[in-house]
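Reader: I've got a new model open and would like to talk through how it packs. Could you take me through it?

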Amino acid sequence: MSQQNATIAAPGQRLAGRTILQIVPDLQSGGAERATVDVAEALSRVGARCLVASRGGRMVSELQSKGGVWAPFPAATKNPFAMALNSVRLARIIRDEGVDIVHARSRAPAWVAYYAARQTGAKLVTTYHSAYSGASPIKQRYNAIMSAGDAVIAISEFAAQRIRELHPESAERIVVIPRGADLRAFAPAAVDRRRVERLRAAWGVAAHDRVVLLPSRLSARKGHSVLVEATKRLIKQGVCDLRVVFVGDPHSDSTRRALETQIEHAGLRDVVRNAGYCEDMPAAYMAAAVIVAPATEPEAFGRIAVEAQAMGAPVIISDIGAAPEIVLAPPQTPRHLATGWRTPPGDPVALADAIAEALSLQASAHDDLALRARRNAQERFSVEEMQRATLQVYERLLGL
């Protein structure tokens, strides 16, 4: 290939023949895991090798079908002694496999990757997937590893600003790359009605029931308890055809039990359903009347809100963290140009009011909102743009 042709190669093409290793605790579900698989697919498409060091999970088969190679690895451990051994083990993999770049997507694996990269000379990329709260010096030091990459990917402007404030020495290495949704899968026209009907039947909701969906891991900070209180208020106001469905793995058994106890005490056992993990999220969004993501703590991104908007579904999220970047809503955006709702975190009254407003939309207003929401997702949050930008980071680090 001539030098002139090389300079105009498509983004990522120069990575052909190179080996990138991503390390993530597991491949069960979640935003970091989804991004891992998406980047593996992009690397495979340009002729690069992508290894994923992880203890595995339900997404391994998808990873492999998209060209990634799973390297079984105890990446989830937070035991300091085990992490020290892991760094030696990972360094051996890097040498044996000729790894050029290690991309870490969580704190414990990032510490392992940092020392392994130093031993081998591989480049290190870290992605700041969370707000990583922590007041104690020890926790702050533990979190700081996510800013130690040769390139530090922030998944929102909010995350980038947080890195600059907490780790100013990393400012020149920050690259903002919002996460993206697969707009081919998350599109109303791509979802057969039979998929929606099967899902609603599995949830045990009747044809006339209007579903409020919270698609997130059962965790205290995701706001499930706030939605339970908001639902209690809506039922008292006479909304009788409402069903609330939680889909997602539990963070722990204690979290699940506490939520079930709250639901029981609120008298909502017949209204609120915990459906567990859902494999068909496009159909889940189609099956719902409203999507809710009422996080009580700042989040670095809002994948649920992006996917919901791509499906043209009314979405309500907490007005903290990266929310203003994801969902256009008052006061920054006039209501007639909004793509969803943002409510104060931990406020069940405001959440109930927003749900009621979303449920009361007339058909024309609903269709207009859906068009604006889909356009917002398509123009700003495609998986292809996330893949392209990430591969460009890899090329730059390797001087290609």
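**Packing, piece by piece**

Author: Trp111 and Tyr115 sit 4 residues apart in helix α5 (residues 107–120), so about one helical turn separates them. Bear in mind that this is a predicted model.

Reader: How are the planes of Trp111 and Tyr115 arranged in their aromatic pair?

Author: A pair of aromatic rings is described by the distance of the centres and the angle of the planes. For Trp111 and Tyr115 the centres are 6.3 Å apart and the planes 20° apart. Planes under 30 degrees apart count as stacked, so the pair of Trp111 and Tyr115 is stacked.

Reader: Now the sheet: which strands are at the edge?

Author: The open sheet has 6 strands with parallel pairing, in the order β10-β9-β8-β11-β12-β13. From one strand to the next, the twist averages 25°. An edge strand pairs on one side only, and that picks out β10 (272–276) and β13 (341–343).

Reader: Which residue is the bridge partner of Ile291 in β12?

Author: Strand β11 (residues 290–293) pairs with strand β12 (residues 315–318) in the parallel sense, over 3 bridges. Within β12, the partner of Ile291 is Val315.

Reader: Which strands does helix α14 lie across, and at what angle does it run to β13?

Author: Helix α14 covers residues 348–359. It lies across β8, β9, β11, β12 and β13. Its angle to β13 is about 165°.

Reader: Is α9 parallel or oblique to α14?

Author: The axes of helix α9 (residues 224–236) and α14 come within 8 Å and cross at roughly 60°. Roughly perpendicular would start at 65 degrees and roughly parallel would need under 35, which means α9 is oblique to α14.

Reader: And what sort of residues make the contact of α9 with α14, by class?

Author: From α9 come Val226, Leu227 and Ala230, among others, and from α14 the contact includes Val349, Leu351 and Ile355. Glu229 and Arg233 of α9 and Asp353 of α14 also take part. By class, that contact has no polar residues, 3 charged and 10 nonpolar.

Reader: How do α2 and α16 lie to each other?

Author: Helix α2 (residues 31–45) packs on helix α16 (residues 383–397) with the axes 10 Å apart, at an angle of about 70°. Angles of 65 to 115 degrees count as roughly perpendicular. So α2 and α16 are roughly perpendicular.

Reader: What is the handedness when α2 passes α16, and how do the contact residues divide?

Author: Residues of α2 including Val39 and Leu43 meet residues of α16 including Met386 and Tyr394. The crossing is right-handed. The contact residues divide into 8 nonpolar, 2 polar and 3 charged.

How values were computed. Residues are numbered from 1 along each chain as its sequence is written. This is a predicted model: local features need pLDDT of at least 70, side-chain atom pairs count only at pLDDT 80 or more; totals for chains, interfaces and linings use all residues. Side-chain values use heavy atoms; hydrogens and water are left out. Two strands pair if DSSP finds at least two bridges between them. Helices (H or I, at least four residues) and strands (E, at least two) are DSSP runs, numbered from the N terminus. Axes are lines fitted to C-alpha atoms, for helices over the stretch in contact, and angles run from 0 to 180 degrees between N-to-C directions. Contact means heavy atoms within 4.5 Å. Angles under 35 degrees count as roughly parallel, over 145 as roughly antiparallel, 65 to 115 as roughly perpendicular and the rest as oblique. Ala, Val, Leu, Ile, Met, Phe, Trp, Tyr, Cys and Pro count as nonpolar, Asp, Glu, Lys and Arg as charged, and the others, Gly among them, as polar. Rings of Phe, Tyr and Trp (its six-membered ring) pair if their centres lie within 6.5 Å; planes under 30 degrees apart count as stacked, over 60 as edge-to-face and the rest as tilted. A crossing is left-handed if the near helix is turned anticlockwise from the far one by less than a right angle, and right-handed if clockwise.
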